[in-house]
Amino acid sequence: VADAKTSGGEAGPAFAEGLPGDRSETAFADYKGAYTRDQAVAEANRCLYCSDAPCIRACPTHIDIPQFIRKIASDNVRGSAKTIFEANILGMSCARVCPVEVLCVGDCVYNHLGQPPIQIGKLQRYSTDRAFEAGWSFFEAGADTGKSVGLVGAGPASLAAAHELRRFGHRATIYEKRATVGGLNTTGVAPYKMRADRSLDEVDWLLSIGGIEVKTGVAVGEHLSLEELERAHDAVFFGAGLGEDSRLGVPGEDLPGVEGAVSWIERMKLGKVPAGLRRAVVVGGGNTAIDAVREAIGLGVAEVTMVYRGDEAKMSGYEHEWKAAKVEGARAEWRAQPVAFEGDGRVERLVCRRLDGQKRPVPGSDFALEADLVLVAIGQSKLGALLANLGGIHVENGRVATDAEGRTGRAKWYAGGDCRNGGQEVVNAAAEGKAAARAIHAFLSGAQHA
Ligand SMILES: Cc1cc2nc3c(=O)[nH]c(=O)nc-3n(C[C@H](O)[C@H](O)[C@H](O)COP(=O)(O)OP(=O)(O)OC[C@H]3O[C@@H](n4cnc5c(N)ncnc54)[C@H](O)[C@@H]3O)c2cc1C
Ligand code: SF4
């Protein structure tokens with residue numbers, strides 16, 4: 001059922017009110033913790049305020065990191081938060097969910113000086129949390145241009161794009177197929193980094209700029225055709241992210257207890273998943289697989305094993321996340337893949353086969369793993385196909401092809417985020433949404449469509 005909420009009303013949309021209080025995700029503590037004022041100032045004072053700072057280059061939204069850190073050191077927290085949000089309107093969630101170890105913190109010059117790098121994520125969290133707690137707002141909508149933009153999906157890419165479009169004075173309508181908003185920031189990221197209610201608070205805060213209409217329960221391509229969408233707006237931004245969990249295609253996969261990892265994580269974050277399980281197996285070796293392993297452990301599953309077809313050294317998930325999972329008790333079967341799921345009425349075990357160095361099955365190597373929960377984390381489908389019949393739009397391996405600013409080959413149509421980049425991070429979606437909004441503004445202001 002479609003539900004329309006317009007931002008900037010008296011009380012605001014307050015999306016978090018729709019969440020049940022007893023969600024499974026509330027079992028998790030905040031693993032990284034927040035800085036006190038004294039800790040933040042002390043850490044800020046360690047920064048070398050490098051000219052040509054490598055940390056800025058490493059951030060896809062190019063936040064002026066030394067500047068926001070310098071403002072923390074001088075107790076100008078409001079100014080610090082403004083510096084962050086000016087570059088990245090999703091700076092609050094990025095402070096918690098960004099893999100800083102491979103972005104800004106990973107590039108801090110201190111790494112080459114044999115000293116601990118500046119904790120940029122925790123400093124960013126200090127400023128942006130204070131901004132939320134104090135209710136500070138920094139941006140106003142531009143004078144109304146009379147133009148309107150339709151955005152598909154209410155994830156980080158569309159939210160960043162809609163906010164930027166409002167600053168230019170264009171009206172924005174976001175169509176979201178789910179009942180909830182925020183995309184994977186709400187339904188996917190690990191609860192020990194950020195819970196769903198915090199993501200929804202961020203959406204409320206972002207929408208307080210006013211003039212952004214959010215229509216939930218509207219699946220574009222189903223409830224609203226692409227042609228209708230195109231006719232209703234002066235430009236369209238496609239930010240639909242990725243689709244369903246991919247399947248292995250082996251016998252027994254439909255048994256209860258075998259589930260796609262992203263779908264299970266969504267149920268765990270927005271509601272309750274069964275507790276008291278003894279053995280869980282997670283299939284895959286990427287970041288979603290590692291998250292699922294750590295989440296199952298955190299929910300009290302006694303034995304959690306990851307089954308991955310490659311070697312530990314070659315897994316695609318981040319090394320620092322896997323290290324943390326091992327400390328928490330995760331086990332792994334390397335160079336193995338499931339060939340069948342078995343059980344009487346629900347999954348009880350999976351049969352796995354060993355693989356050689358070229359990922360070829362090794363004859364006679366089958367072994368069984370007992371499991372009362374199996375989470376399949378081998379990727380998600382791509383949604384570009386939805387646009388494949390629109391003349392001028394090119395879809396490459398399921399991704400929507402665009403130039404660097406998000407222009408597709410069809411006038412009025414732009415894209416960004418996971419549906420364009422194939423699945424990266426929240427900060428990439430935020431950067432791509434903002435870049436596309438700027439290109440849309442140029443187009444609506446009369447500049448040529450590339
Ligand atoms: C399990 C998991 C954990 C992750 N953890 C992290 C992390 O810790 N840190 C990090 O930086 N990144 C993380 N990511 C990646 C990050 O969440 C994504 O890169 C980011 O959310 C992409 O933003 P997006 O707006 O492109 O897509 P999404 O967040 O997927 O949002 C797309 C939205 O579009 C909607 N939609 C889809 N089709 C339609 C349609 N036809 N009509 C209307 N609406 C539609 C969807 O319902 C969704 O709400 C994680 C991803 C997963 C799967
Ligand atoms: S690289 Fe490190 S020390 Fe230099 S400005 Fe960035 S955070 Fe500060």
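In this predicted model, in which local features need pLDDT of at least 70, side-chain atom pairs count only at pLDDT 80 or more, and totals for chains, interfaces and linings use all residues, the side chains of Asp 366 and Arg 353 meet in a salt bridge with an N to O distance of 2.6 Å. A salt bridge is here a side-chain nitrogen of Lys or Arg within 4 Å of a carboxyl oxygen of Asp or Glu. Asp 366 lies in the loop between strand S12 (349–354) and strand S13 (367–370), while Arg 353 belongs to strand S12, so the pair ties together parts that are 13 residues apart in sequence. Helices (H or I, at least four residues) and strands (E, at least two) are DSSP runs, numbered from the N terminus. Asp 366 is partly exposed at 39% relative accessibility, and Arg 353 is likewise partly exposed, with a relative accessible area of 28%; in these terms buried means under 20% relative accessible area, exposed over 50%, and partly exposed in between (1.4 Å probe, protein chains only). Residues are numbered from 1 along each chain as its sequence is written, chains are lettered from A and ligands numbered from 1 in the order in which they are written, and side-chain values use heavy atoms, with hydrogens and water left out.

Side chains of opposite charge can pair when their charged atoms come close. A search of the whole structure finds 34 salt bridges. One of them joins the side chains of Asp 30 and Arg 125 at 2.6 Å, N to O, and this pair links distant parts of the chain, since Asp 30 is in the loop between strand S1 (3–6) and H1 whereas Arg 125 is in helix H7 (residues 120–134), 95 residues apart. Asp 30 is partly exposed, with a relative accessible area of 36%, but Arg 125 counts as buried at 9%. In another salt bridge, Asp 311 and Arg 335 have their closest N and O atoms 2.9 Å apart. This pair also links distant parts of the chain, with Asp 311 in the loop between S9 and H14 and Arg 335 in the loop between S10 and S11, 24 residues apart. Asp 311 is partly exposed at 27% relative accessibility, as is Arg 335 at 31%.

The structure holds 10 aromatic pairs, where rings of Phe, Tyr and Trp (its six-membered ring) pair if their centres lie within 6.5 Å, and planes under 30 degrees apart count as stacked, over 60 as edge-to-face and the rest as tilted. Among these pairs, Tyr 308 and Trp 334 are edge-to-face, at 6.3 Å centre to centre and with 85° between the planes. Tyr 308 is in the loop between strand S9 (303–307) and helix H14 (319–327), and Trp 334 in the loop between strand S10 (331–333) and strand S11 (336–342), so that distant parts of the chain, 26 residues apart, are linked. Tyr 308 is buried, with a relative accessible area of 12%, whereas Trp 334 is partly exposed at 21%. Elsewhere, ring pairs link Phe 85, Phe 132, Phe 138, Phe 139 and Trp 205 into a cluster.

Charged groups also lie over rings, a contact counted if NZ of Lys or CZ of Arg is within 6 Å of the ring centre and within 35 degrees of the ring normal. Arg 46 lies over the face of Tyr 110, at 4.8 Å from the ring centre, and the charged end of Arg 70 sits over the ring of Tyr 49, 4.2 Å from its centre.

Helix H12 (residues 261–270) is largely enclosed by the rest of the structure, because seven of its 10 residues are buried. These buried residues are Ala 261, Val 262, Trp 264, Ile 265, Glu 266, Met 268 and Lys 269.

Most residues other than glycine have a negative phi. Asp 52, by contrast, has a positive phi near 55°; Asp 52 is placed in the loop between helix H1 (37–44) and helix H2 (54–58) and is exposed at 61% relative accessibility. Asn 397 also has a positive phi, of about 50°, and is found in the loop between strand S16 (395–396) and strand S17 (399–400), where Asn 397 counts as exposed at 72%.
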